[in-house]
Amino acid sequence: MTLSILIPTYDYICYTLVHDLQKQCEILDNLDKYEIIVMEDGGKDQVKSIANLKINDLPNCRYIRKKENVGRAYNINNLVKEATGDWCIIMDCDARVVSDNFIKNYISATKQHPDADVIIGGLTNPTTQPSPKVSLRYTYEKNAEPYRTTQYCNAHPYSRFCTFNVMIKRSVILNTPFHPTFTKYGFEDIFMGVELGRKKKKIVYINNPLLHIGFDNNDIFLKKTETALTMLHKAEAMLLPHTRIGKVLNKCKKWHIEKPIYLCYRITKPLLRRNLLSDFPNMRLFALYKLGYYIGLTK
């Protein structure tokens, strides 16, 4: 078996993550060849870039720095083109390996599920909030956990597709690359899941998580959420019906409450933001904020 581990990054130090993965790959007898490639998507932080250069000193590991920022989706497409393995493990840079058998588990899964095109290991979050400054992202992630169990995801394989920690046949992702519409943060994974479902590719979820450690500060995450909704609006025709916000929006239109909800959003926006940027953000208010913000994009 040949394996490429691909890590897109933007101004994030990945050396420890790569080192841990490389150690696991080195001791596996049933791995014919492996490579680990980190690609910097036009990052501006020279200190972090210099720290990542140490990756090149590790056997079978490369750090590639791109000057132009093209977005995470296109960055992954570039990584896949660089890869040589039959299988690719794609993961976020803000992940931490929590199992000594992480790579081994994935390889075993290809034997247990020989008809699988995609194998997803999932993610786990810290048991305690790292800081009040990240309360919005942390609360959001914790609330999403019931929808990320192996059982739930295997029952809804395409709608739960996520590239935080996924193993996919290189041939599959070469034929189903990330869509060029997604030049910025947001919804690229959901559209990829839609495309994999349309092509009837088999997705299997296993219990092989990485720990999510890179929580954005509240103001940054709220801004990224707005960026993601802008990307959704840009791809509305091909993606909106497959999203939760799209289904809610359809109900709002059916019940003729779209305008009242948007008016409520506009009037309460300062209060909503105050809550979402606080130490104790409310997820129902977050849902209202996202719905109102999206309706505003359609005006």
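Visitor: Does Asp 216 count as buried or exposed?
Guide: The model is predicted, so local features need pLDDT of at least 70 and side-chain atom pairs count only at pLDDT 80 or more, while totals for chains, interfaces and linings use all residues. Numbering starts from 1 along each chain as its sequence is written, and side-chain values use heavy atoms, with hydrogens and water left out. Buried means under 20% relative accessible area, exposed over 50%, and partly exposed in between (1.4 Å probe, protein chains only). With a relative accessibility of 17%, Asp 216 is buried.

Visitor: Which residues is Asp 216 in contact with, leaving aside its neighbours within four places in sequence?
Guide: Asp 216 sits in the loop between S10 and H9; helices (H or I, at least four residues) and strands (E, at least two) are DSSP runs, numbered from the N terminus. Its C-alpha atom is separated by 8.7 Å from that of Tyr 138, 78 residues apart along the chain. With contact taken as heavy atoms within 4.5 Å, and neighbours within four places in sequence left aside, the partners of Asp 216 are Lys 133, Val 134, Arg 137, Phe 221 and Lys 224.

Visitor: How many of the 10 residues of helix H5 are buried?
Guide: The buried set in H5 is Ser 135, Leu 136, Arg 137, Tyr 138, Thr 139, Glu 141 and Ala 144. Helix H5 spans residues 135–144 and is largely enclosed by the rest of the structure, because the number of its 10 residues that are buried is 7.

Visitor: Which elements do the buried residues of H5 pack against?
Guide: Arg 137 and Glu 141 are among the buried residues of H5. The packing partners of these buried residues are strand S10 (210–212), helix H9 (218–234), helix H12 (258–276) and H13.

Visitor: What covers the buried residues of helix H3?
Guide: Helix H3 covers residues 72–82, and its buried residues are Ala 73, Asn 75, Ile 76, Asn 77, Asn 78, Leu 79 and Val 80. Their cover includes strand S1 (2–9), strand S2 (33–41), strand S4 (87–91), helix H7 (170–175) and helix H8 (188–198).

Visitor: How many disulfides does the structure hold?
Guide: A disulfide is a pair of cysteine sulfur atoms within 2.5 Å. Cys 14, buried at 1% relative accessibility, has its closest cysteine sulfur in Cys 93 at 4.8 Å, too far for a bond. Cys 153, buried at 4%, has its closest cysteine sulfur in Cys 162 at 9.0 Å, again too far for a bond. The number of disulfides is 0.

Visitor: Which residues does Cys 252 touch, not counting residues up to four places away in sequence?
Guide: Cys 252 belongs to helix H11 (residues 244–254) and is buried, with a relative accessible area of 4%. Its C-alpha atom is 27 Å from that of Pro 157, 95 residues apart along the chain. Not counting residues up to four places away in sequence, Cys 252 touches Ile 257, Glu 258, Ile 261 and Leu 291.

Visitor: What is the phi of Asn 60?
Guide: Asn 60 lies in the loop between helix H2 (46–52) and strand S3 (61–66). At 41% relative accessibility, Asn 60 is partly exposed. Asn 60 is not a glycine, yet its phi is positive, at about 65 degrees.

Visitor: How far apart in space are Leu 297 and Phe 187, C-alpha to C-alpha?
Guide: Leu 297 is in helix H13 and counts as partly exposed at 25% relative accessibility. Phe 187 is in the loop between H7 and H8, with a positive phi near 75 degrees. Leu 297 and Phe 187 are 110 residues apart in sequence, and the C-alpha to C-alpha distance is 16 Å.
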